[in-house]
Amino acid sequence: MEILNALALFANFVVVPATAYGAQLALGALGVTLIFGILRFANFAHGELMSFGTMITILVTWFLQNMGVSIAPFPTALLALPIGVLAAISMALVTDRMVFRFYRKQRSNPIVFAIVSVGVMFLIAGIIRIVIGPADQSFADGQRFIIGAFDSRRALGLDEGIAIKQSQLITVVVTAVVVAWLFWFLQKTRSGKAMRAYSDDEDLALLSGINPERVVMICWVIAAALAAIAGTLYGLDKTYKPFIFLQILLPIFAATILGGIGQPVGAILGAFIVAFSEVTVTYAFKKFLAYLGPTDWAPEGLVQLLSTDYKFAVSFIILVAVLLIRPTGIIRGKVI
Amino acid sequence: MSFLSATGMTGGYGGTDILHDCTITVEKGEVAVVVGPNGAGKSTAMKAVFGMLNLREGSVVLDGKDITSLAPQDRVPQGMGFVPQNRNVFVSMTVEENLDMGAFIRDDDGIEETKQQIFDLFPILGEKRNQPAGELSGGQRQQVAVGRALMTRPKLLMLDEPTAGVSPIVMDELFDKILEVAKTGVAILMVEQNARQALEIADHGFVLVQGRNRFTDTGEALLANEEVRRSFLGG
Amino acid sequence: MTKRVALLYGLMCLVLIAIGFLQSWNVAFGIFNLCVISAVMALGVNMQWGYAGLFNVGVMGFTALGGLTAVLVSMPPVGEAWSVAGGDIALSVLSLVATIVAVIYARRVVPPALKLPVTIILLLAGYFLIGVFFGPATDAIESIDPALSGYLGGAGLPVLVAWPIAGLVAAGAGWLIGRIALGLRADYLAIATLGISEIIIAIIKYEEWLSRGVKNVTGIPRPVPYEVDLIESEWFISLANFFGANEVSDAAGLFVKLCYAVLFVVVLAIIMWFAERALKSPWGRMMRAIRDNRDAAAAMGKDVKRRHLQTFVLGCAVCGIAGAMLTTLDGQLTPTSYIPLRYTFLIWVMVILGGSGNNWGSILGGFIIWFLWVEAEPFGNWFMTTITAPLGEQSELAQHLVAGAAYMRYLMMGAILLVVMRFAPKGLIPEATNRSTAMTRSS
């Protein structure tokens, strides 16, 4: 019984939140890894692209809420999300046309791309802060919990319950659908294969008559769509804060490199490893151990490996470990 | 006029010319081979034919059509298939996907048929169709590369040193396959280090020295030519 | 110096002088001081990017480290904290040293296959061992008069001593991160430095025993006189009268700013002198050779990774010094004010605008960009008020847009960066050599 209680506690505070967080990171990392694979640079504007898509979703959500439109028990944001996705795609295509295409024609060094992506980051960050402001915004409505802590305690007959927020379930379901579609697209469709071919060998893809501009366009469309979805899910699950999207770049990059650059499967694996490490390392195991130990015993202190303030350190340590031990990542990625 | 006539090609990558008034021609169903010492501009001549080099002078005419100003990727739909020397397969993709990529520009119904013909020509590819090309041996990779180029249904197939780094047995096998391809009416242009073996299967040979045509004749005649043998075939 | 350099510098001076006449000399010198600090940071980044082509996205971290050093060197020690927790702190440090020694020793003796697991186990054991002493120590320290101190304090040395030490500390951090990330693909260095800078900020924010965290450290001792003392001293009042100042307090503020300006300019001049000498030395030529063609340089027997590490560490040191100067000028350390857009990416805009690889360009870039960054706010306000004028003052949209006007500066910086990269990739003052620069070389 005590063991089951401990497991339920662990599931409630580690497994469930880490799964949702991992799914959100995975969507972001997939976009970054696609851009790495096709355009061959680290896109520092990706966080802001996520933020931008989310912002539009929030604005449309507010509009719908004002109009009295609702799809309760689901959050209205789901209804607004397609518009956010379209907005992110437009932003990505416009920046590609106005900024990145020029350097592609010049065949510039990847670092030059990274630097201009910083310029794009500034621009999008400015637009976001002017339009919606720098403050927190909440836009989640609909039912909050699928399974409440109380219900699950009773159902399981335990002292500890496993609560699942609706946003977490939605995150996981949406991610699963999107990822399944993405893999079907990459493996089975002509355009998907062309993307993989281009990522594998640009020159040979050219010799096969693959149009590079088309591949790049599809890449941006997918990456931006994933970014808007990821940002919105993250915002539903937590809250929307514009500044968080620069910080979230770090776990996303860590997941990308951990998985192997340009490897979609790796990006997903990497994202879940980063998310689970982060949540586990910053979880206080005091109560968990108390259940496992003798009756009426509890460890002194919180038994927390790292304070939650340092969750970025987890991504960083993972990143450093990968760079030191296996720079190609879990799934041997391209060293572009 | 020949099926492919690249005449008077002069040009290079930067300031200095590598090719000087170089001419290469191929007929349908024939194998033409470009040989010469190291640094003679063999691969450069091939790249010039394919448009990967800016020509100052000269022209490239394929099947009566002047394609001198076309970019390489635009020459593929015109019927040119090119097998580069290095990095000529998509290593992360399966054999079959490599072939599919070759057929990328086609939208007719015959793709499966062409694929079957390639599997007939290179049975090993059929066996390993679901394996990533990066896991194959050097000779098998060359077959994938040739297969990928053939999927475009080229009228002219160009191979840049297809036998580089493969064993003599595999080389003979590969040459046999190339002859088979030629028999179907495809013109073949090939750059080769293994000059003697290549000239043995060639209808025409072009000996280049320092970017210029030095000897041009049938393969047989070149093999019989005392000077060619002494200077370029090692006696 | 060419005519172009003199012209651009002259223009910048005129603009600052114009601010002096139009707004006030206090404002002009306030901007000038921060311009100089920005210029020092830009010099540091230029050493890394311009000399060696290294993409450091962690400038903020090294700057903050410099700021922290200023606090730790100059603030008076909190005696009570040391007496309560000194023993535990000492034991923690001892445990840390023991862990490091154990790891190094173990890695020498165990077979290669076991190296990694043994290292991890030892590190974890050490981590918990340190925690045993460290936890109580920090609790004790932080509970001492939390509203006023609650931290260990500093060494009580003059703040000027902190500047070179800040350079050393930042250099140490740079060395660590450089050892790991240099020699790999350039993007990796960027991401790794982004990470280290976030961690440094997190440490400063949350380790209250060290830096008081978000409670901020204020009242850092100044290297220059205080205004309150000045307005009461005879000589200053007579000096102010001599120059015909209307208000003695204004004059005092200006005088303090002038003192800072002199100090900062001296530091800038020293760093500039070294930077220019280094660039023109055989070492500098080699650096550029490596940057322009890494493979060729490696083939010629140059130890590329080692050279990169050298420049990287030097650049970090300069950023650290600038960070200490900034904290000294502010008189306080406010961890929450460190955001990457302001402390990392803005510096990049300075370097790119000024001209990658050219130190004179970096200084100019530092001046121009800081000036625009400051002046973007009034400009943004004016712009937003003007374009929203037709909407009327009551319009919510208008109010919202005016409220967001401060963020026009982000748009402006993004636009400057993109325009310069596109149309003048060599910047305002291009690198002196006629060889291709880092910006235009293709992959």
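Student: Where is B:Gln210 found, and what makes its phi worth a remark?

Tutor: In this predicted model, B:Gln210 is found in the loop between β9 (204–209) and β10 (212–218) of chain B. Its phi is near 50 degrees, a positive value in a residue other than glycine. The remark is made because most residues other than glycine have a negative phi.

Student: What kind of peptide bond joins A:Ala72 and A:Pro73?

Tutor: The bond between A:Ala72 and A:Pro73 is cis, with omega about 5 degrees. It deserves a mention because most peptide bonds are trans.

Student: Why are α2(A) and α4(A) called roughly parallel to each other?

Tutor: Two packed helices are described by the angle between their axes and the distance between the axes. For helix α2 (residues 46–67) and helix α4 (residues 110–131) of chain A, the angle is about 25 degrees and the axes are 9 Å apart. Angles under 35 degrees count as roughly parallel, and α2(A) and α4(A) are therefore given that description.

Student: Why are α3(C) and α6(C) called oblique?

Tutor: The axes of helix α3 (residues 59–74) and helix α6 (residues 159–181) of chain C come within 8 Å and cross at roughly 140 degrees. Roughly antiparallel would need an angle over 145 degrees, while roughly perpendicular covers 65 to 115; α3(C) and α6(C) are therefore oblique to each other. Their crossing is right-handed. Among the residues that make the contact are C:Phe62, C:Leu65 and C:Gly66 of α3(C), together with C:Val159, C:Val161 and C:Ala162 of α6(C). By type, the residues of the contact divide into 13 nonpolar, 4 polar and no charged.

Student: What angle do α11(C) and α16(C) make, and which residues are in contact?

Tutor: Helix α11 (residues 248–280) and helix α16 (residues 359–388) of chain C pack at about 145 degrees, with their axes 10 Å apart. On the α11(C) side the contact is made by C:Leu268, C:Met272, C:Ala275, C:Glu276 and C:Leu279, and on the α16(C) side by C:Asn359, C:Trp360 and C:Ile363. These residues divide into 6 nonpolar, 1 polar and 1 charged.

Student: How do you know that chain B and chain C are not joined by a contact?

Tutor: Contact means heavy atoms within 4.5 Å, and no such contact joins chain B and chain C, whose closest C-alpha atoms lie 15 Å apart. Of the 2 pairs of chains that touch, chains A and C have the most contacts between them.

Student: What describes the interface of chain C and chain A?

Tutor: Here 52 residues of chain C are in contact with 53 residues of chain A. The buried area is about 4700 Å², of which carbon and sulfur atoms give 78%. In chain C, the residues losing the most area to chain A are C:Arg185, C:Tyr188 and C:Ile191, together 14% of what that side buries.

Student: Why is the pair B:Glu97 and A:Arg196 called a salt bridge?

Tutor: The closest N and O atoms of B:Glu97 and A:Arg196 are 2.7 Å apart, and the rule asks for a side-chain nitrogen of Lys or Arg within 4 Å of a carboxyl oxygen of Asp or Glu, so the pair qualifies. Across the interface of chain B and chain A the rule finds 4 salt bridges, and the area buried there is about 1700 Å², with 57% from carbon and sulfur atoms.

Definitions and conventions: Residues numbered from 1 in each chain as written. Chains lettered and ligands numbered in written order. Predicted model: local features only at pLDDT ≥ 70, side-chain atom pairs only at ≥ 80, totals over all residues. Heavy atoms only, no water. Axes fitted to C-alpha atoms, helices over the stretch in contact; angles between N-to-C directions. Helix = DSSP H or I, 4+ residues; strand = E, 2+ residues; numbered from the N terminus. Buried area = accessible area lost by both parts, 1.4 Å probe. Nonpolar A, V, L, I, M, F, W, Y, C, P; charged D, E, K, R; others polar. Left-handed = near helix turned anticlockwise from the far one by under 90°.
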